[in-house]
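Open the model in your viewer and show it as a cartoon. We will go from the whole chain down to single residues.

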Amino acid sequence: MKAWEIQSADGVDALTMAERPDPTPGPGQVHVKVHASALNYRDLMTVTDPEPRGIAYPRIPNSDGAGEIIALGDGVTNVAIGDRVAGCFFQRWSGGKITLDAMASALGGGLDGMMASDAILSAGGVVKIPDHLSYAEASTLPCAALTAWNGLVTQGGVQAGETVLIIGTGGVSIFALQFAILHGATPIVISSSDEKLARASAMGAAHIINYRETPDWDAKVLEVTDGRGVDHVVEVGGAGTLEKSLNAIAVTGRIAVIGVLAKGAANTQMINRKSVQLNGIYVGNNEMFNAMNRAIASHALKPVVDQVFDFEDARAAYHCMRDAGHFGKIVVSV
Ligand SMILES: NC(=O)c1ccc[n+]([C@@H]2O[C@H](COP(=O)([O-])OP(=O)(O)OC[C@H]3O[C@@H](n4cnc5c(N)ncnc54)[C@H](OP(=O)(O)O)[C@@H]3O)[C@@H](O)[C@H]2O)c1
C-alpha cells in the first residue's frame, strides 16, 4: 500500500510518500480501500507542528477519508464487503460522553490516518455513507461536518427561526451554514472575502459581513438582529474572536466553541451577564455521525468541495489549505 507519512517536524514539503506492506484486518477490524481523504485545518497543523501534538513518526496524516470495505476481520458483523464507508475521527467513541480513551483514538493523531491507499480501521470506527455522495464528498464528513453538526444541532439544539452567526467560510463553517439552513434558522456569515461572502449569500446566508472591512462586525450583527443578537455562534476563531461573539450573542444564546484560528484575549464578562452557554466541541461520536448522515441523505445535502488534488500532489493540498483561499473543503483523491 501507499501512504503519505509525517517523518519529521519539517512541514508540508517534508511529507514523504512511503510503501508499506499490504495490511490484513485483525479480529474486529475492517480493511478499507481509501478513495478520498479530506483536509482539515487540524491536519495542516499536525503536519507543520507535530511535536507539541505528540505525533510519533512515521505517522499517516488526516482524520478524514472514505472508501470501500474490501476485507473483514474475524467477528465483524456490522458491515460487509463492498460497503461504502467513512472512517470515524475517533475510533473509540461510539456514543455517550467523550472519554480520555476516545480522545487517544483520533485518526491522523494518536493513530495512523487516512492519507493512504488502504486503512485498517475498527469495525466500530466506520459509518456507512449516504448513497448520493461521491467518495470525495463523503470524505469531508468525519471531522468538519460532524463538528458543525455537534456544535449547532446536537449540543446547540438549533431551532427553526433562530439566528446563527458563522465565522469564516472554511470546512466547518460552510457545513454550519448548510445545517443552519436545513433546520430553518437564519444564518449570518462573516468572512475576509467579498467573493466568498457572495457564495455564502447564494447558498442562503441572510446577512453577510466582511470582517476585514468591518472590524466591529459584532456591532453590525447586533444591528441586523434589531439589537437582540444571535441565538448561536459557531466559534471557529477562538480567543481572538470570542469577545466579539459574546457581544454579538443574544441573552441565553449558545456558543459552539470549536476553533483556534484567531489569536487574542477575550474579556469574558458577557458570559455571565448574558447567561451564555458555551459548549466545548470535540468533533463528535458515531451516534451523532449516523444522525447527521440520515439528515444529509433525506435532504440530499451535498458537501461543498472547493478543490480535489491527486494523491501524488497531496503536498499541494496542504499548501492550498495554508493559503486559506478555499471555500468549504479541500480533498485529495486516492
Ligand atoms: N474542536 C473541534 O473538534 C474542531 C473540529 C474541526 C475544526 N476545528 C477547528 O476549527 C477551526 C476551523 O477549522 P476548518 O478545518 O474549518 O478550517 P479551514 O477550512 O481552514 O477554514 C478556516 C477559515 O476560517 C476563517 N478565519 C481564519 N482566521 C480568522 C479570523 N482571524 N477571524 C475570523 N475568521 C477567520 C477564514 O475564513 P474566510 O476566508 O472566509 O475569512 C478561513 O478560511 C480550526 O481552528 C480548527 O482547528 C476544531
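Here is a short tour, starting with the whole chain.

Keep in mind that this model is predicted. Select the protein chain. You will find 11 helices and 15 strands. The radius of gyration is 20 Å, close to the 20 Å that the globule rule gives for 334 residues, so the chain is as compact as a globular protein of that length. Turn the view along the principal axes: the C-alpha atoms fill a box of roughly 60 × 40 × 35 Å.

The accessible area is about 13,400 Å². Carbon and sulfur atoms account for 50% of that area. Of the 334 residues, 53% count as buried.

Next, colour the charges. There are 25 positive and 34 negative side chains. The centres of these two sets lie 5 Å apart.

Hide the surface and select residues 29-38. This is strand S3.

Which strands pair with S3? Visit them in turn.

- Select S6, residues 118-122. It runs antiparallel to S3, joined by 5 bridges. Find Val-32, which stands opposite Ala-119 in S6.
- Select S4, residues 66-72. It is also antiparallel to S3, with 6 bridges between them. Here Lys-33 stands opposite Glu-68.
- Select S15, residues 329-333. It pairs with S3 in the antiparallel sense over 3 bridges. Look for Ala-38 opposite Val-331.

Finally, zoom out. Among contacts between residues at least 6 apart in sequence, 68% join residues at least 24 apart.

Notes: Residues are numbered from 1 along each chain as its sequence is written. This is a predicted model: local features need pLDDT of at least 70, side-chain atom pairs count only at pLDDT 80 or more; totals for chains, interfaces and linings use all residues. Side-chain values use heavy atoms; hydrogens and water are left out. Helices (H or I, at least four residues) and strands (E, at least two) are DSSP runs, numbered from the N terminus. The radius of gyration is taken over C-alpha atoms; the globule rule is 2.2 Å times the number of residues to the power 0.38. Buried means under 20% relative accessible area, exposed over 50%, partly exposed in between (1.4 Å probe, protein chains only). Contact means heavy atoms within 4.5 Å. Accessible areas come from the Shrake-Rupley method with a 1.4 Å probe; for residues, only the protein chains shown count as cover. Lys and Arg count as positive and Asp and Glu as negative; His and the chain ends are not counted. The place of a charge is taken as NZ of Lys, CZ of Arg, CG of Asp or CD of Glu. Two strands pair if DSSP finds at least two bridges between them.
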